[in-house]
Amino acid sequence: MAKTAISIDHIARVEGHGNVHVVINDGVVENVEMNIVEPARLFESMVKGRSFKDCSYISSRICGICSPSHCLTDIKAVEAAFGVEVSERTKKLRELLVYGSYLQNHASHLFVFVVPDFVGYPSVFPLAESNPELFAQALELKRLGNDLCTKVGGRSIHPITAVVGGFTHEIKREEYLELAERMEAMIPFACETVDLFSSFRITEFQSANDMLAMVEENYYPVQSSPTLRLIEEDATFDTADYLNYLEEYEVAHSGALFTRSVKTKKPVFTSALSRINASWGNLSRQAKVMSAKAGLRPTEKNPMKNNLAQAIELVDALIRCSAICRDLAYMEGDSKPVDFEVKAGRGVGMTEAPRGVVFHDLEFDDAGRVVHASIITPTAQNLGALEADMRQLAGILAEENLDEEYIRMEIAKLVRAYDPCISCSVH
Amino acid sequence: MPYQERRRSITPRVVVVGLASCFGCQLQITNQEQYLTDVLGQIEVVYWQMTSSEPMPDSFDVAVIEGAVTNRESEETVRELREKASKIITIGACAVTAGIPGIAAKDYEDRPHEVYNTIPEACGELIAPRSVGSVIDVDYEVRCCPIDFYEFVQVLSAALYGSNHKLRTTTMCTECKQKENICFYAKGEICLGLVTVGGCQARCPSLGRPCNGCRGISPSANLESARQSVIKYGLSVDEFNEKLEMFNQTNTQFTGEEAAVEEAR
Ligand code: SF4
Ligand code: SF4
Ligand code: SF4
């Protein structure tokens, strides 16, 4: 086999603009690049000099697709800097907001972006015609996610009500109960989704990358814990120390900075799969049963299984959110923003966005203005890992002498398994 | 004429393009799944990079543009769209007023270096963020960050079939008072509803949060008298100005006038 150059310009069905280039020479992979061609908006420079009050409002606009996560992570950074403690009720509402985003994102990524790969359509619209029932239920699940974000945040994207210290508005008891019922009614479909994704044939391979996720004792955390874990490196650390464990670096072919482990220099993969690997034991019972049935157990190193992991998280999220909504309907206390004192200092906020761990690192002067900001998104962390896995996958397929078109398809599938959010990665 | 071809000749062909943005406005459209197929039924989306892998065609009727112009490449893209499309609709604050990306317009030259040591080639030739309307003529706008889906449908039908729908010019306060919200100024907080064009039903003040002006400044707003009110309530005019700059560059350099000058050169 001679030299093969595979280029996919504007890779479709991902969030944002990116190109892939793979060069294979005589069965050997020579070069692999994931180019991010999204125009940079320079958010870090935009929040500089601005008040803590506007900060989360601006940085939520890094990405509409996971805006609740950016908004909340930014708020948590401010709270870490000022030493703000929020109420139990606020914490529950925040968890709902994050999960609303999971339901939106996982459902649309899986059904709109990934399913066409396995049923062979260029876009989702033919699917709407060929299997309207599946499509309708998928849309209903996504709508539930949007409604959850709207009820809690005031709008399906770019939350209005979430501010430093609490929430400016809350819905009524009946609305929480209605949400709980709708979630419970969707659980069977989420379980079918797990079965559907476990039926898709994927290329088997073991990634050499490390995985990163938020961890908490006896809980499957998405926003509640300050602790992180690098699974392979076997390192557990506090968010405030993240720079001792993770480092960003520039590459010429990408507008996004890449991330790797400080110690092992291995690229890091953060995702639904990383969360399930790190907290499998803390999944709700039904989600764990579904995961085991689908053959996903820790430590699963095939990144192609990330879509399956997302499906499992749908089951888990519905179960958790219905319980939280029932709690909120009857629990005492409120979520009104608490009082706090503005002071100089640095704070790092970290949450599990749908696509993995996101950091907002903010430093304030004593008037509460941003002196320095650094934002690390899940996709920026994952780009290095994605390139490494693409290289490995292309190598395996080239060795098997598979044709160019097949390799191209498999690489596109891998990219969509990673579920990059490119608009996030270049901010 | 065979049915397929006839259908093609009468169904408006639409392209949706994203520039520097958060994708949120496009998402607002895809988020209304239940009505999406109804709306899409009357048009043919011939290019929507966010949802499909088909390439952009050479001819179409309407171009829907999201995002601000932040590099020479996107400047070229919008000019090309203007040439090919008979109607241009901009969606969202980014495209209409330069929105949040526009914050970076001030002292732009220094900014890329605050984020990168060496600016990656992939960024293209960066220019200070500007609205689409400052580069080309725009026929219709859908405002706010993010847009409202129903408003988008309204504007799209106006673009396709015409309408005598008049643009609102009153400020937000009219709608806010109808909702019987307590005014933020009475609580000692700055709210940009005072100068922002109405139409969102005072969405934020109704949820306990002051307006940040994402809909843009109202043509009937009086900025000077608004600043006087801010002083009257004992609040800071600097803070008011700073908030205003979040979605509305008052720096004319990037609001259109400058582009016209550049063009004339
Ligand atoms: S206007 Fe707002 S929601 Fe729309 S693309 Fe721009 S930042 Fe996103
Ligand atoms: S709260 Fe804002 S929008 Fe409402 S009346 Fe006061 S200034 Fe106007
Ligand atoms: S209230 Fe102001 S900030 Fe909120 S949506 Fe309306 S115009 Fe935008």
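**Ligand shell, a buried glutamate and a hairpin**

Me: In this predicted model, how do the residues of the shell around ligand 1 divide into nonpolar, polar and charged?
Reply: The shell consists of 13 residues. Cys22(B), Cys25(B), Ala93(B), Cys94(B) and Cys145(B) are the closest of them. By class, the shell divides into seven nonpolar, four polar and two charged.

Me: Where does ligand 1 lie, and which elements give two or more residues to its shell?
Reply: Ligand 1 is placed between chains A and B. Two or more shell residues come from each of these elements of chain B: helix H2 (24-30) and helix H5 (93-97).

Me: Is Glu175(B) buried or exposed?
Reply: Glu175(B) is part of helix H8 (residues 172-178) of chain B. Its relative accessibility is 5%, and the cut-off for buried is under 20%. Glu175(B) therefore counts as buried.

Me: Which residue has its backbone nitrogen 2.6 Å from a polar atom of the Glu175(B) side chain?
Reply: Leaving out residues up to four places away in sequence, Glu175(B) touches Arg168(B), Gly198(B), Gly199(B), Cys200(B), Gln201(B) and Ala202(B). The backbone nitrogen at 2.6 Å from the side chain of Glu175(B) belongs to Gln201(B).

Me: Which residue in S8(A) stands opposite Leu228(A)?
Reply: Strand S7 (residues 227-230) of chain A pairs with S8(A) in the antiparallel sense, over four bridges. The covered face of S8(A) (residues 235-238) holds Ala235(A) and Phe237(A), while Thr236(A) and Asp238(A) are on the uncovered one. Opposite Leu228(A) stands Phe237(A).

Me: Which residue in the hairpin of S7(A) and S8(A) takes a positive phi near 60 degrees?
Reply: The hairpin has four residues between the strands. The positive phi near 60 degrees is taken by Asp234(A).

Definitions and conventions:
Residues numbered from 1 in each chain as written. Chains lettered and ligands numbered in written order. Predicted model: local features only at pLDDT ≥ 70, side-chain atom pairs only at ≥ 80, totals over all residues. Heavy atoms only, no water. Near = heavy atom within 4 Å. Nonpolar A, V, L, I, M, F, W, Y, C, P; charged D, E, K, R; others polar. Buried < 20%, exposed > 50% of the residue type's maximum accessible area, 1.4 Å probe, protein only. Polar contact = N/O pair within 3.5 Å; in protein donor to acceptor, adjacent residues only side chain to side chain. Contact = heavy atoms within 4.5 Å. Pairing = 2+ DSSP bridges.
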